[in-house]
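This briefing concerns side-chain contacts and their surroundings in one protein chain. Please consult the sequence and model shown here.

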Amino acid sequence: MDGEASGATEALELLRDHQPGLLVADVSLAEGSSGALIAEARSLVPELRIILVAPASRPPPAPAEGLAGPDVVLLRPFRIRQFVDALAPRGPSGPTPVG
């Protein structure tokens, strides 16, 4: 399933309807916050792999202890090879910065 949303509400509707295996989200959304989107997405689809894209000049803070975070933080600008690497499975050690 391919889908595109500009904000958290629309993204969560797509997740509820289609239960995808991958979510690529930008840290800046037209509506809602990426942190809230990630937390809700994890509750809807626990096995969901999440890549969060952020500017290298302002990487997102690590989520607080016990809160859901992305699997990978991909820093802009990035090369397509870095995006491909971000898709590779990771261990349970937390988000991996790429970029």
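Arg76 and Asp26 form a salt bridge, with their closest N and O atoms 2.4 Å apart (a salt bridge is a side-chain nitrogen of Lys or Arg within 4 Å of a carboxyl oxygen of Asp or Glu). This pair connects strand β3 (residues 72-76), which holds Arg76, with strand β1 (residues 22-26), which holds Asp26, across 50 residues. The model is predicted, so local features need pLDDT of at least 70 and side-chain atom pairs pLDDT 80 or more, while totals for chains, interfaces and linings use all residues. Residues are numbered from 1 along each chain as its sequence is written, and side-chain values use heavy atoms, leaving out hydrogens and water.

**Salt bridges**
- A search of the whole structure finds 4 salt bridges.
- Arg42 forms a salt bridge with Asp71, at 3.1 Å between the closest N and O atoms.
- Because Arg42 lies in helix α2 (residues 34-44) and Asp71 in the loop between β2 (49-55) and β3, this pair ties together parts that are 29 residues apart in sequence.
- The side chains of Asp85 and Arg81 also meet in a salt bridge (3.1 Å, N to O); both residues lie in helix α3, 4 residues apart, about one turn of the helix.

**Accessibility**
- Buried means under 20% relative accessible area, exposed over 50%, and partly exposed in between (1.4 Å probe, protein chains only).
- Arg42 is buried at 18%, whereas Asp71 is partly exposed at 22%.
- Arg81 is exposed at 53%, and Asp85 is partly exposed at 32%.

How values were computed: Helix = DSSP H or I, 4+ residues; strand = E, 2+ residues; numbered from the N terminus.
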